[in-house]
Amino acid sequence: MISHSIKSLLEKQPIGDSVQINGWVRAFRSNRFIALNDGSTLHNLQCVIDFENFDESLLKKITVGSALKVSGTFAESLGKGQSVEIQVNDIFVHGTADAEAYPIQPKKHSLEFLREKAHLRIRTNTFSAVMRIRSALSFAIHDYFQKNGFFYMHTPIITGSDAEGAGEMFRVSTLNAKKPPLDDRGAVNYQEDFFGKETNLTVSGQLEAETYAMGLGKVYTFGPTFRAENSNTSRHLAEFWMIEPEMAFYELDDNMDLAEDFIKYTIRYVMDHCHEDLNFLEKRLLDEEKTKPQNERSDMALIEKLRFVTDNDFKRITYTEAIDILRNSKPNKKKKFKFPINEWGADLQSEHERFLVEKHFKCPVILFDYPAKIKAFYMRLNEDGKTVRAMDVLFPGIGEIAGGSQREERLDVLLEKIKELEIDEKELWWYLDLRRFGTAVHSGFGLGLERLVLFVTGMGNIRDAIPYPRTPQNAEF
């Protein structure tokens, strides 16, 4: 007999049919009622057994966490709490679970506890809902770009360049860590390393994606990236997934149009295909909000927050306009901001970004034309000589969700910027070649998948938006 998913059975409702399912026991009551879940849906399917027809030794093997194959008749339920059930004819135990040692019992567990059991937390409703949404978002990302003429490319995970220029990278080396070879100056001689030079795990595929955009027109990357930032906040991971489209012949306005359309598409996709999981997470979030002080509660429920993005045009303002708004705002004048805004050139914090979105404009915001000094070397310099064609997309509750720019296509300007920042020109010879051979206006942006998952699911910590979080002092599992 072919096994069905619980989701398909609940959708088809084949009353009277003989069916077979596989799953894990979420609860087993009175030696009679088994709540089985296979991960295909939030809902368990009740399996009712007549214990007189089954050997007691078999029933003893059925505990919370056990994996079963159940065969029987799909029927309307006479009991409360469910409309349908399986009247069991046969049970096969794939694997038992030690009832006392199994940590995911049918009760409420803290998120901190579940992070310590990351290999089993997927068997809870919360994490199965989050990870189904993560899967749907990943599909929607590919779906959007494929429908819009983009080519998917894989950029190197091991790189010799630092796209962000922050220096917070994980080194990749096969040299003897205790006794590495040294050069004449006493420094580590990376010429004897595997790649013949110092290499790291990438923080971004952008630079390599630019090279392909200048031949294929529109490309995107979607893969793992790494940052060795010693931060233990609820917004940072050492390993995370980035979506990075790069487009030839796109100016900044085109880039902003694409970012807005892309983000709305992915969120709408989840709202159309994951409504049960979203409703569950919304209720979970509302229950959590009740435990917080009134001044810390969110103004919007989860689905309302998603519609806040999909149903509103993104407001576009310059960094300079934003600074004027923030400088003259009540929170700034009353010194309510943790980081007061006093002068032009300040690097905006999450509290400033959220004020613009949630309080001032009451819609998502795209800031553009940032000070050159607080942005990366590859961003196109404006005619004023002090701002660059950068953009950040700002969301409620989270602040920056995506960032990008029009790239500097002028060789002389890029060379000057590299020299000013003391970047080794020889390391970027191939990147500079793009400006030597058929240069053209081009743009792109980056969006962290975990940030998007965090926003869409309403979870409060980015460690709960990825299966196995990598953070300082934590590489478990």
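Hi everyone! Let's start with a pair of residues: arginine 121 and aspartate 464 form a salt bridge, and their closest N and O atoms are 3.1 Å apart. Please keep in mind that this is a predicted model. The two partners come from distant parts of the chain, 343 residues apart. Arginine 121 sits in the loop between α3 (111-116) and α4 (125-147), while aspartate 464 is in the segment after α14 (449-457). Are these two residues buried or exposed? Both arginine 121 and aspartate 464 are buried.

How many salt bridges does the structure hold? There are 29, and I'll show you a few others.

Next, glutamate 260 pairs with arginine 316, with 3.5 Å between the closest N and O atoms. This bridge also links distant parts of the chain, joining helix α6 (residues 252-273) to strand β12 (residues 315-318). Glutamate 260 counts as buried because its relative accessibility is 10%, under the 20% cut-off. Arginine 316, at 28%, counts as partly exposed.

Now for a pair within one helix. Lysine 283 and aspartate 287 form a salt bridge, their closest N and O atoms being 3.3 Å apart. They are 4 residues apart in helix α7 (residues 275-289), so about one helical turn separates them. Lysine 283 is exposed at 53% relative accessibility, and aspartate 287 is partly exposed at 36%.

Salt bridges can also join up: Glu210, Glu246, Arg407 and Arg435 are linked in a network of them.

Ile157, Ile158, Phe194 and Phe195 make a nonpolar surface patch of about 400 Å². One of them, isoleucine 157, lies in the loop between β6 (151-152) and β7 (158-159), and is partly exposed at 37% relative accessibility.

Terms used: Residues are numbered from 1 along each chain as its sequence is written. This is a predicted model: local features need pLDDT of at least 70, side-chain atom pairs count only at pLDDT 80 or more; totals for chains, interfaces and linings use all residues. Side-chain values use heavy atoms; hydrogens and water are left out. Patches are made of residues with over 30% relative accessible area and no salt bridge: like charges are joined within 9 Å, nonpolar side chains (Val, Leu, Ile, Met, Phe, Trp, Tyr) within 5 Å. Accessible areas come from the Shrake-Rupley method with a 1.4 Å probe; for residues, only the protein chains shown count as cover. A salt bridge is a side-chain nitrogen of Lys or Arg within 4 Å of a carboxyl oxygen of Asp or Glu. Helices (H or I, at least four residues) and strands (E, at least two) are DSSP runs, numbered from the N terminus. Buried means under 20% relative accessible area, exposed over 50%, partly exposed in between (1.4 Å probe, protein chains only).
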